[in-house]
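This report describes one protein chain, from its overall fold down to single contacts. Please keep the sequence and the structure in view while reading.

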Amino acid sequence: MAGSDRRSSDGDETEGPGGLMYVADIVSSAGSVLLVGMLLFAVSGVWPPLVAIESPSMDPHIKEGDLVFVMEEERFSGPGDHEGVVTAASDESYRTFQQPGDVIVYEPDGNSRQTPIIHRSMLWVDAGENWYDRANQTYVGSADSCDELQNCPAPHAGFITKGDNKVTNNRYDQVGSPPISDPVKPGWVVGTAEIRVPLLGQVRLQWNRVGATDVVTDEVGPTVPNKTGPTAVNGTTAG
């Protein structure tokens, strides 16, 4: 009986350290994830610094399911910027994601409860400006003058934006009935897109779809999950 007792005690001593190592591994992994997140935030100045793309509105340069690193717009702004954002009209030699102009993540009409939109900054307009003549006529729909163009004259200063996808996004975001957003005020800009990681955003998107319990109707498109997590979507289509 004495021998049996000693074997039981030896087993407990073996299992004890193993259990502690398991807990230590979990804590270490969680700490590593937290450290990476803190480093990304320190570099980007934006939280969350990574957004998952849930729409093809920026095809072919940013694709649905990509994970995009977003940086605070004024940290490393390009030439001729407005409030840290370079528009396609201000400097065609400055290119991001194969096209002129910064790609920005913004809250449509400044509504933080809506899923942010990731589109390219096309031009800057001043408050009250008739910007019809400066616009690319391909992207103003059927409007023949400022009087026929939504948000013209501009109700306030801001960015005119557009998705790169020529099939689903053939007009400026500020054009349409109703438009996706008024001219984007600098305060509505979350940050500029810097780097894409193909397909890695699918993990986040699947998690959101599984966990979503509520939906909201997009202004001019299908329904999308009502969530506040790190995703960005086009205002005219949810995928």
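Helices (H or I, at least four residues) and strands (E, at least two) are DSSP runs, numbered from the N terminus. The model is predicted, so local features need pLDDT of at least 70 and side-chain atom pairs count only at pLDDT 80 or more, while totals for chains, interfaces and linings use all residues. Residues are numbered from 1 along each chain as its sequence is written, and side-chain values use heavy atoms, with hydrogens and water left out.

**Confidence**

pLDDT is the predictor's confidence in each residue, from 0 to 100. The protein chain averages 79, and 67% of the residues score at least 70. Where pLDDT is low, the predicted coordinates should not be read in detail.

**Overall fold**

The protein chain contains two helices and 11 strands. Along the sequence they follow the pattern α-β-β-β-β-β-β-β-β-α-β-β-β. Among contacts with a separation of 6 or more, 64% are between residues 24 or more positions apart. Of the 239 residues, 42% count as buried; buried means under 20% relative accessible area, exposed over 50%, and partly exposed in between (1.4 Å probe, protein chains only). Accessible areas come from the Shrake-Rupley method with a 1.4 Å probe, and for residues only the protein chains shown count as cover. The chain exposes about 12,600 Å², of which carbon and sulfur atoms supply 56%.

A nonpolar core is a set of buried Ala, Val, Leu, Ile, Met, Phe, Trp, Tyr and Cys residues joined through side-chain atoms within 4.5 Å. The largest has 17 residues, and those with the most contacts inside it are Leu 123, Trp 131, Tyr 132, Leu 149 and Tyr 172. Strand 6 (residues 117-125) gives the largest share of this core, three residues. A second, separate core of 12 residues includes Ile 53, Ile 62, Val 105 and Ile 118. In soluble globular proteins, nonpolar side chains tend to be buried together.

Which residues does Trp 131 touch, not counting residues up to four places away in sequence? Among them are Leu 123, Leu 149 and Tyr 172, along with Gln 150, Asn 151 and Cys 152.

Leu 200 lies in the loop between strand 8 (189-197) and helix 2 (201-211), and its relative accessible area of 45% makes it partly exposed.

**Salt bridges**

A salt bridge is a side-chain nitrogen of Lys or Arg within 4 Å of a carboxyl oxygen of Asp or Glu. By this rule there are three.

| Pair | Closest N and O atoms |
|---|---|
| Asp 66 and Arg 196 | 2.6 Å |
| Arg 120 and Asp 164 | 2.6 Å |
| Arg 134 and Glu 129 | 2.9 Å |

Asp 66, in the loop between strand 1 (50-53) and strand 2 (67-71), and Arg 196, in strand 8, are 130 residues apart, so the pair links distant parts of the chain. Asp 66 is buried at 1% relative accessibility, whereas Arg 196 is partly exposed at 27%.

Arg 120 in strand 6 and Asp 164 in the loop between strand 7 and strand 8 are 44 residues apart and also link distant parts of the chain. Arg 120 is buried at 2%, and Asp 164 counts as buried at 12%. In the remaining pair, Arg 134 is partly exposed at 44% and Glu 129 is buried at 18%.

**Backbone details**

Most residues other than glycine have a negative phi, and most peptide bonds are trans. A cis peptide bond joins Cys 152 and Pro 153, with omega about 0°; Pro 153 is in the loop between strand 6 and strand 7 (158-162). Another cis peptide bond joins Ser 177 and Pro 178, with omega about -5°, and Pro 178 is in the loop between strand 7 and strand 8.

Gln 98, which is not a glycine, has a positive phi of about 70° and is found in the loop between strand 3 (95-96) and strand 4 (99-100). Asp 109, also not a glycine, has a positive phi of about 55°. Asp 109 sits in the loop between strand 5 (103-106) and strand 6 and is partly exposed at 34% relative accessibility.

How values were computed
Contact = heavy atoms within 4.5 Å.
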